[in-house]
Amino acid sequence: MTERSYREDPLTPGEREEFETDLISLCDRELDLLGDLRGIDVLYAGGSSPLWIEGLSQRVGEDGSVTALDLDEERVEAAREGLEEADLASPTRLVAGDVFGMPFPSGTFDLVYSAGLFHELDVGQRTAREALAALCSVTRSGGRVATSDFVDSQPAVQIEDERLQADLAREVSGGEPYGIGPAERLVGLHEAVLAGVRWRLSPPLPVRHLDKLVVAEGEPEELSSLPSGLAEVFRERLYTLRERIRREGYSRPATLYVEGVRGD
Ligand SMILES: C[S@@+](CC[C@H](N)C(=O)[O-])C[C@H]1O[C@@H](n2cnc3c(N)ncnc32)[C@H](O)[C@@H]1O
């Protein structure tokens with residue numbers, strides 16, 4: 001995770017600048033995989049980071065549009081404020097909603113794209129295949145669906161961190177995140193729903209000073225809603241992991257980009 005809340009900035013202004021430079025490089029690397037986006041209507045599904053929305057908007061330009069859909073109303077509201085300062089080149093709108101209940105008519109977009117959605121997707125009641133089919137349903141016939149997400153092709157401290165957060169979510173809300181798994185799982189998922197599937201595995205891109213932000217975080221609020229014994233088990237895991245991050249830094253997972261075409 002790259003966006004976390006913290007009370008005071010644990011980074012010096014110089015570190016903050018380096019951190020943001022690396023986030024921009026990561027975003028550019030991923031968005032460049034989408035190729036030429038000029039003049040098309042894009043749905044950014046399961047995300048609301050102003051950086052990514054601005055990047056899409058600049059690539060699309062004034063003849064296209066960008067719509068961002070995120071389940072988390074607070075993130076959508078924060079993004080709305082963040083985008084007031086952004087350099088948007090296209091009509092852009094933010095929508096709070098669920099990919100499992102797409103609030104758009106079938107065939108609305110030329111490209112439906114997600115970055116980091118699938119590992120957080122709750123697949124307790126619905127499946128990842130249903131989510132991908134939902135992205136496909138709002139894509140025009142012949143249009144593209146593209147997703148990028150972390151995979152576990154090499155060990156990374158962030159994978160441990162995401163696992164801990166997924167276990168916590170499971171205990172607190174009964175959610176069942178899809179999680180970070182092998183590249184083949186995501187490629188197979190896309191091949192089951194889309195035509196002409198292509199994919200690319202990108203090596204981890206370090207984000208300088210992310211380790212400092214992670215170890216400076218407070219305890220997750222959810223811990224307070226657990227029975228004290230269980231909260232203690234999670235606290236122990238959390239502090240052991242943060243100690244490891246202090247020693248080793250915060251290694252990041254590789255990223256898999258997959259795209260395919262809506263065939264019907
Ligand atoms: C790791 S974050 C994505 C980061 C992304 N790069 C961005 O721009 O925000 C995963 C996002 O997926 C959203 N999400 C999870 N399940 C969703 C669903 N069923 N429908 C829509 N958004 C969902 C979460 O609210 C969260 O903002």
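Tutor: Let's begin with helix α5, which passes α8 in a left-handed crossing. A crossing is called left-handed if the near helix is turned anticlockwise from the far one by less than a right angle, and right-handed if clockwise. Keep in mind that this is a predicted model: local features need pLDDT of at least 70 and side-chain atom pairs count only at pLDDT 80 or more, while totals for chains, interfaces and linings use all residues. Residues are numbered from 1 along each chain as its sequence is written, and side-chain values use heavy atoms, with hydrogens and water left out.

Helix α5 covers residues 157-173 and α8 covers residues 228-248; their axes are 11 Å apart and they pack at about 165°. Axes are lines fitted to C-alpha atoms, for helices over the stretch in contact, and angles run from 0 to 180 degrees between N-to-C directions. The names come from DSSP runs numbered from the N terminus: helices are H or I with at least four residues, strands E with at least two. The 165° angle makes α5 roughly antiparallel to α8. The cut-offs are under 35 degrees for roughly parallel, over 145 for roughly antiparallel, 65 to 115 for roughly perpendicular, and oblique for the rest.

Who touches whom? Contact means heavy atoms within 4.5 Å. On the α5 side, the contact includes Val 157, Leu 164 and Leu 168, and on the α8 side Phe 234, Leu 238 and Ile 245 are among the residues involved. Sorted by class, this contact has eight nonpolar, no polar and eight charged residues. Here Ala, Val, Leu, Ile, Met, Phe, Trp, Tyr, Cys and Pro count as nonpolar, Asp, Glu, Lys and Arg as charged, and the others, Gly among them, as polar.

Now look at α4 (residues 128-137) and α6 (residues 183-193), which pack at about 50° with axes 10 Å apart. That pair is therefore oblique, and its crossing is right-handed. Among the residues that meet are Leu 132 and Cys 136 in α4, with Leu 189 and His 190 in α6. This contact divides into seven nonpolar, one polar and one charged.

Finally, the sheet: it is open, with seven strands in the order β3-β2-β1-β4-β5-β7-β6 and mixed pairing. Strands pair if DSSP finds at least two bridges between them. The edge strands are β3 (92-96) and β6 (195-202), each pairing on one side only. Helix α2 (residues 50-60) lies across β1, β2, β3 and β4, running at about 160° to β2.
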